[in-house]
Amino acid sequence: MYITSTNKLMSSFFIGVFVLLSLFGCQSTTLPVDYEQLSKEERIVIRFSHVVGEDTPKGLAARKFAQLVKERSKGYVEVQVFPNGFLYKDGEEMEALLKGDIQMIAPATSKVTSLVPEWSVIDLPFAFNTYEEVHDYMAGPIGKDLISKLDSEELLMLAMWDNGFKQISNRDHPINSPDDLQNLKIRIMPSEIISKQFSILGAIPKMIDFNIVFQQLEKRDIDGQENTLSNITSKNLHSLQDYLTVSNHGYLGYLLLMNKQFWGELPAEVQELIVETLVEVNEWEWETARKLDAEKLEELESCQCIEIYQLTPEEQQIWGDAFKPVYDYYIERFGAEYIDSLPKFRKDSP
Ligand code: SIN
């Protein structure tokens, strides 16, 4: 099931909340009318850098956002999208944004954990079962608390985009139980919680830039990796792997971030245009992420190129129990409040 009217409402609510949290005085001007006459210097250019391919939920949404903003501002505002880490790589894009060398990025939530470690609550294994659970969590008080921590870092969060739930692949053997991960070198995103998630099970987690995972698998420096199906297929990682476990053990989504100072200097009309356009793009992105995930699973199931194993709910429970020390570790570091609000621990949950 794709976007429902509740999701539509949630999507508008999201953008509103995220932006209102950080709105502050801005210059008010009217958009110029004769845009064709403007030189490049007179137009507003927003450089948006990201590390994935164009045929992924983030890549497609970034392009759609750029196209709509250009159309609606009649060329006055130009969003230049740089995909595949062409401009800045994984470990570089946040610094470039903070320095103002680029104006927008959309890193996975895991990648902001070096700046605001509390965000690693999203990385906890089996913290969420559905996209809606993530969206509800983010729309609640804890989500607002996490967003305000970004605000203190001079970052404006404009939206949260979905990608999907992560699955595990490797080339050695099927992974059905947590013990099967013993001694496997697994590529992960830079997040201490994800690292714990694998080391607790006896695997060897390796934090490696997304853009070089293929080479690392090819060179056999790593045995496997975890990612969403659209990310795996967009980089053809499955061609170097023999086994895929559909575990859905973790959510991967993005924070659409803008340099806060840059935002504050934008004319009010441009801010409005961006916010309105993002409500539409957000809704579209959520729908596209779900569609792509389902399509990629079908493709992998029919390609006969990788052995696929789907964890049963009972097996997921066994994995969940094995991951309990990761939750204890998070609570020790950041307290229980972020965990208590997760859907499965909420006192008011059904
Ligand atoms: C991304 O989806 O932006 C990249 C995720 C990863 O590094 O695996």
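**Figure 1. Salt bridge between arginine 72 and glutamate 280.** In this predicted model, arginine 72 forms a salt bridge (a side-chain nitrogen of Lys or Arg within 4 Å of a carboxyl oxygen of Asp or Glu) with glutamate 280, and the closest N and O atoms are 2.8 Å apart. The pair links distant parts of the chain, since arginine 72 belongs to helix α2 (residues 57–72) and glutamate 280 to helix α10, 208 residues apart; helices here are DSSP runs of H or I with at least four residues and strands are runs of E with at least two, numbered from the N terminus. Arginine 72 counts as partly exposed at 36% relative accessibility, and glutamate 280 is likewise partly exposed, with a relative accessible area of 36%, where buried means under 20% relative accessible area, exposed over 50% and partly exposed in between (1.4 Å probe, protein chains only). Residues are numbered from 1 along each chain as its sequence is written, and side-chain values use heavy atoms, with hydrogens and water left out. Because the model is predicted, local features need pLDDT of at least 70 and side-chain atom pairs count only at pLDDT 80 or more, whereas totals for chains, interfaces and linings use all residues.

**Figure 2. Salt bridges between residues close in the numbering: Arg171 with Asp172, and Lys219 with Asp221.** The closest N and O atoms of arginine 171 and aspartate 172 are 3.6 Å apart; arginine 171 is buried, with a relative accessible area of 13%, while aspartate 172 is partly exposed at 40%. Lysine 219 and aspartate 221 form a salt bridge in which the closest N and O atoms are 3.6 Å apart, with lysine 219 exposed at 55% relative accessibility and aspartate 221 partly exposed at 35%. Salt bridges that share partners also join Glu132, Asp162 and Arg290 into one network, and the structure holds 17 salt bridges.

Figure 3. Strands β3 (residues 104–105) and β10 (residues 251–259) run antiparallel and are joined by 2 bridges, with methionine 104 standing opposite methionine 258 in β10.

**Figure 4. The largest nonpolar core.** This core (a set of buried Ala, Val, Leu, Ile, Met, Phe, Trp, Tyr and Cys residues joined through side-chain atoms within 4.5 Å) has 84 residues, and those with the most contacts inside it include Trp119, Leu124 and Ile274. Its largest share, 8 residues, comes from β4. The core lies between domain 1 (2–116 + 131–163 + 252–292) and domain 2 (167–250 + 297–340), because both give residues to it; the domain bounds come from an automatic or database domain assignment.

Notes: Pairing = 2+ DSSP bridges.
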